[in-house]
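Reader: I'd like to learn how to read a structure like this. Could you walk me through it?

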Amino acid sequence: ARNKYELLHANRKAHGRMILDCSWAPVKAGRVFATSGRDAALKIWVMNSFGTICLNQWFMSSPITSVSFARRLVKDHFVLAYGREGGSISVASVSRLGVMCRLVELGHLSLSKAVNQLSWRPMPEAAWNNEPAGAESGMGSASSSLQLAAAGDDTSVRIFSIPQSALECTATSESWRHPYQG
(Lines give C-alpha, C1' and ligand atoms only; values in the text may rest on other atoms or scores of the structure.)
Protein backbone atom coordinates (compact mmCIF):
# COMPACT_ATOMS: atom_id res chain seq x y z
CA ALA A 1 0.00 0.00 0.00
CA ARG A 2 2.99 2.27 0.43
CA ASN A 3 3.58 2.62 -3.33
CA LYS A 4 -0.06 3.27 -4.10
CA TYR A 5 -0.82 6.36 -6.17
CA GLU A 6 -3.75 8.57 -5.29
CA LEU A 7 -5.47 11.48 -6.99
CA LEU A 8 -5.09 14.65 -4.90
CA HIS A 9 -7.40 16.87 -6.94
CA ALA A 10 -9.16 17.00 -10.29
CA ASN A 11 -10.69 19.96 -12.09
CA ARG A 12 -12.53 18.88 -15.21
CA LYS A 13 -12.79 22.44 -16.58
CA ALA A 14 -9.54 24.07 -15.50
CA HIS A 15 -9.28 25.68 -18.97
CA GLY A 16 -11.74 26.35 -21.76
CA ARG A 17 -9.64 24.38 -24.24
CA MET A 18 -6.67 21.99 -24.25
CA ILE A 19 -4.00 22.53 -21.57
CA LEU A 20 -0.62 22.64 -23.32
CA ASP A 21 1.83 22.94 -20.42
CA CYS A 22 2.21 23.24 -16.65
CA SER A 23 5.00 24.07 -14.24
CA TRP A 24 5.52 23.85 -10.48
CA ALA A 25 6.69 26.96 -8.63
CA PRO A 26 9.77 26.80 -6.39
CA VAL A 27 9.36 24.60 -3.30
CA LYS A 28 9.74 27.65 -1.04
CA ALA A 29 6.46 29.01 -2.45
CA GLY A 30 4.39 26.07 -1.32
CA ARG A 31 2.20 23.99 -3.61
CA VAL A 32 1.80 26.52 -6.40
CA PHE A 33 1.76 25.73 -10.11
CA ALA A 34 0.87 27.34 -13.43
CA THR A 35 -1.03 26.03 -16.45
CA SER A 36 -1.24 27.36 -19.99
CA GLY A 37 -3.49 26.43 -22.82
CA ARG A 38 -5.00 26.63 -26.25
CA ASP A 39 -7.63 29.01 -24.77
CA ALA A 40 -4.84 31.67 -24.47
CA ALA A 41 -5.11 31.54 -20.68
CA LEU A 42 -2.25 31.50 -18.19
CA LYS A 43 -3.40 30.45 -14.72
CA ILE A 44 -1.67 30.25 -11.35
CA TRP A 45 -3.05 27.69 -8.92
CA VAL A 46 -2.47 26.99 -5.23
CA MET A 47 -3.12 23.60 -3.60
CA ASN A 48 -4.07 23.44 0.05
CA SER A 49 -6.27 21.51 2.45
CA PHE A 50 -9.36 23.10 0.85
CA GLY A 51 -8.50 21.88 -2.65
CA THR A 52 -6.94 23.59 -5.65
CA ILE A 53 -7.81 27.24 -6.16
CA CYS A 54 -7.08 29.46 -9.17
CA LEU A 55 -5.07 32.31 -7.64
CA ASN A 56 -5.09 34.45 -10.80
CA GLN A 57 -5.42 34.18 -14.57
CA TRP A 58 -4.45 36.23 -17.58
CA PHE A 59 -5.77 35.94 -21.10
CA MET A 60 -3.36 36.62 -23.96
CA SER A 61 -3.95 37.26 -27.66
CA SER A 62 -2.86 33.77 -28.75
CA PRO A 63 -2.51 30.26 -27.26
CA ILE A 64 0.19 29.86 -24.61
CA THR A 65 2.14 26.76 -25.58
CA SER A 66 4.80 26.68 -22.86
CA VAL A 67 5.19 27.89 -19.28
CA SER A 68 8.08 27.60 -16.82
CA PHE A 69 8.71 28.89 -13.29
CA ALA A 70 12.29 29.78 -12.40
CA ARG A 71 13.56 27.41 -9.70
CA ARG A 72 13.86 30.08 -7.00
CA LEU A 73 12.07 33.25 -6.01
CA VAL A 74 13.74 36.53 -7.00
CA LYS A 75 13.27 39.30 -4.44
CA ASP A 76 10.34 37.31 -3.00
CA HIS A 77 8.57 37.10 -6.39
CA PHE A 78 8.00 34.25 -8.82
CA VAL A 79 9.70 34.48 -12.19
CA LEU A 80 7.49 32.91 -14.83
CA ALA A 81 8.34 32.56 -18.51
CA TYR A 82 5.69 31.74 -21.08
CA GLY A 83 5.80 31.19 -24.83
CA ARG A 84 3.04 31.54 -27.38
CA GLU A 85 1.96 29.83 -30.56
CA GLY A 86 3.40 32.62 -32.71
CA GLY A 87 6.88 32.23 -31.16
CA SER A 88 6.88 35.18 -28.76
CA ILE A 89 8.32 34.74 -25.27
CA SER A 90 7.55 36.81 -22.18
CA VAL A 91 9.02 36.73 -18.69
CA ALA A 92 6.91 37.98 -15.80
CA SER A 93 7.59 38.77 -12.19
CA VAL A 94 4.58 37.70 -10.16
CA SER A 95 3.99 38.43 -6.48
CA ARG A 96 3.05 35.60 -4.15
CA LEU A 97 -0.50 36.94 -4.19
CA GLY A 98 -0.66 36.30 -7.94
CA VAL A 99 -0.23 39.90 -9.10
CA MET A 100 1.86 40.32 -12.27
CA CYS A 101 3.96 43.36 -11.43
CA ARG A 102 6.63 43.30 -14.11
CA LEU A 103 6.69 41.93 -17.64
CA VAL A 104 9.63 41.63 -20.03
CA GLU A 105 8.80 40.88 -23.65
CA LEU A 106 11.57 39.21 -25.67
CA GLY A 107 9.90 40.54 -28.84
CA HIS A 108 12.72 40.90 -31.38
CA LEU A 109 14.31 37.68 -30.09
CA SER A 110 11.18 35.60 -30.66
CA LEU A 111 11.07 32.27 -32.42
CA SER A 112 9.47 32.11 -35.86
CA LYS A 113 7.02 29.36 -34.84
CA ALA A 114 5.42 28.01 -31.65
CA VAL A 115 7.46 27.77 -28.44
CA ASN A 116 7.51 24.06 -27.49
CA GLN A 117 9.47 24.18 -24.25
CA LEU A 118 11.04 26.66 -21.84
CA SER A 119 13.54 25.72 -19.14
CA TRP A 120 15.52 27.81 -16.64
CA ARG A 121 19.21 27.08 -16.04
CA PRO A 122 19.95 25.80 -12.53
CA MET A 123 22.12 28.31 -10.68
CA PRO A 124 24.03 28.37 -7.40
CA GLU A 125 22.24 30.00 -4.46
CA ALA A 126 24.64 32.98 -4.45
CA ALA A 127 23.66 33.90 -8.01
CA TRP A 128 19.97 34.12 -7.07
CA ASN A 129 20.78 36.58 -4.31
CA ASN A 130 22.93 38.84 -6.52
CA GLU A 131 26.03 37.85 -4.59
CA PRO A 132 29.37 37.48 -6.37
CA ALA A 133 29.56 33.96 -7.75
CA GLY A 134 32.54 31.81 -6.88
CA ALA A 135 34.84 30.32 -9.49
CA GLU A 136 33.09 26.97 -9.18
CA SER A 137 29.77 28.38 -10.44
CA GLY A 138 30.93 28.97 -14.01
CA MET A 139 28.63 31.98 -14.11
CA GLY A 140 31.30 34.67 -14.38
CA SER A 141 29.86 38.18 -14.81
CA ALA A 142 26.42 36.78 -15.62
CA SER A 143 25.72 35.98 -11.96
CA SER A 144 22.98 38.60 -11.75
CA SER A 145 21.24 37.26 -14.85
CA LEU A 146 18.86 34.36 -15.25
CA GLN A 147 19.30 32.07 -18.23
CA LEU A 148 16.31 30.69 -20.10
CA ALA A 149 16.43 28.01 -22.80
CA ALA A 150 13.69 27.94 -25.44
CA ALA A 151 12.96 25.22 -28.00
CA GLY A 152 10.55 25.80 -30.84
CA ASP A 153 8.62 24.37 -33.75
CA ASP A 154 11.07 26.21 -36.02
CA THR A 155 13.72 23.61 -34.94
CA SER A 156 15.74 26.27 -33.11
CA VAL A 157 17.09 26.35 -29.57
CA ARG A 158 17.82 29.72 -28.02
CA ILE A 159 19.39 30.71 -24.72
CA PHE A 160 18.38 34.07 -23.26
CA SER A 161 20.16 36.00 -20.52
CA ILE A 162 17.71 38.10 -18.51
CA PRO A 163 19.04 40.51 -15.88
CA GLN A 164 17.35 40.02 -12.51
CA SER A 165 17.14 43.80 -12.25
CA ALA A 166 14.76 43.83 -15.25
CA LEU A 167 12.31 41.74 -13.21
CA GLU A 168 12.41 43.62 -9.92
CA CYS A 169 9.11 44.83 -8.53
CA THR A 170 8.69 47.73 -6.18
CA ALA A 171 6.02 45.93 -4.16
CA THR A 172 7.16 43.39 -1.59
CA SER A 173 5.28 40.51 -0.09
CA GLU A 174 7.18 40.04 3.16
CA SER A 175 5.64 37.62 5.62
CA TRP A 176 3.16 36.57 2.92
CA ARG A 177 0.51 34.05 3.69
CA HIS A 178 -2.21 33.61 1.15
CA PRO A 179 -5.70 33.37 2.68
CA TYR A 180 -6.24 30.04 0.88
CA GLN A 181 -2.98 28.51 2.10
CA GLY A 182 -3.84 25.58 4.37
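Predicted model: local features only at pLDDT ≥ 70, side-chain atom pairs only at ≥ 80, totals over all residues.

Reader: Okay, let's begin with the layout. How many helices and strands are in the chain?

Author: The chain has 1 helix and 11 strands. Reading from the N terminus, the elements go β-β-β-β-β-β-β-β-β-α-β-β. As for burial, 48% of the 182 residues are buried.

Reader: How do the strands of a sheet hold on to one another?

Author: Here's the general idea: strands in a sheet pair through backbone hydrogen bonds, and the pairing can be parallel or antiparallel. Now the case here.

Reader: Which strand does β3 pair with over 8 bridges?

Author: That's β4, and the pairing is antiparallel. To find a spot in that pairing, look at Val46, which stands opposite Ile53 in β4.

Reader: What is the strand order in the open sheet with 3 strands?

Author: The order is β9-β10-β11, with antiparallel pairing. β9 (115-120) and β11 (157-163) sit at the edges with a single partner strand each, so one side of each has no neighbour in the sheet. The twist in this sheet averages 25° from one strand to the next. β9 and β10 (residues 145-152) are joined by 5 bridges.

Reader: Which strands each supply at least two residues of its lining?

Author: β1 (19-24), β2 (32-37) and β3 (41-48) do. The lining includes Ile19, Trp24, Phe33, Thr35, Trp45 and Met47. Leu8, His9, Ala10 and Asn11 are also among the lining residues.

Reader: How does the lining divide into nonpolar, polar and charged residues?

Author: There are 8 nonpolar residues, 4 polar ones and no charged ones.

Reader: Now for single residues. Is Ser66 buried or exposed?

Author: The cut-off to remember is that buried means under 20% relative accessible area. Ser66 has a value of 0%, so it counts as buried. Ser66 is in strand β5 (residues 64-69), and 6 of the 6 residues of β5 are buried.

Reader: What lies around Ser66?

Author: A polar atom of the Ser66 side chain is 3.1 Å from the backbone nitrogen of Leu118. Across the strand pairing, Ser66 stands opposite Gly83 in β6. That belongs to the antiparallel pairing of β5 with β6 (residues 78-84), which has 5 bridges.

Reader: What about Tyr82: where does it lie, and is it buried or exposed?

Author: Tyr82 lies in strand β6. Its relative accessible area is 1%, so Tyr82 is buried. Tyr82 also shows how the chain brings residues together: Tyr82 and Val115 are 33 residues apart along the chain, and 8.6 Å separates their C-alpha atoms.

Reader: Where does Thr155 lie, and what is its phi?

Author: Thr155 is in the loop between β10 and β11. Its phi is positive, about 70°, although Thr155 is not a glycine. Thr155 is exposed too, with a relative accessible area of 75%.

Notes:
Residues numbered from 1 in each chain as written. Heavy atoms only, no water. Pairing = 2+ DSSP bridges. Helix = DSSP H or I, 4+ residues; strand = E, 2+ residues; numbered from the N terminus. Axes fitted to C-alpha atoms, helices over the stretch in contact; angles between N-to-C directions. 1 Å grid on protein atoms, 1.4 Å probe; cavity = no way out; pocket = protein on both sides within 12 Å on 5 of 7 lines; lining within 4 Å. Nonpolar A, V, L, I, M, F, W, Y, C, P; charged D, E, K, R; others polar. Buried < 20%, exposed > 50% of the residue type's maximum accessible area, 1.4 Å probe, protein only. Polar contact = N/O pair within 3.5 Å; in protein donor to acceptor, adjacent residues only side chain to side chain.
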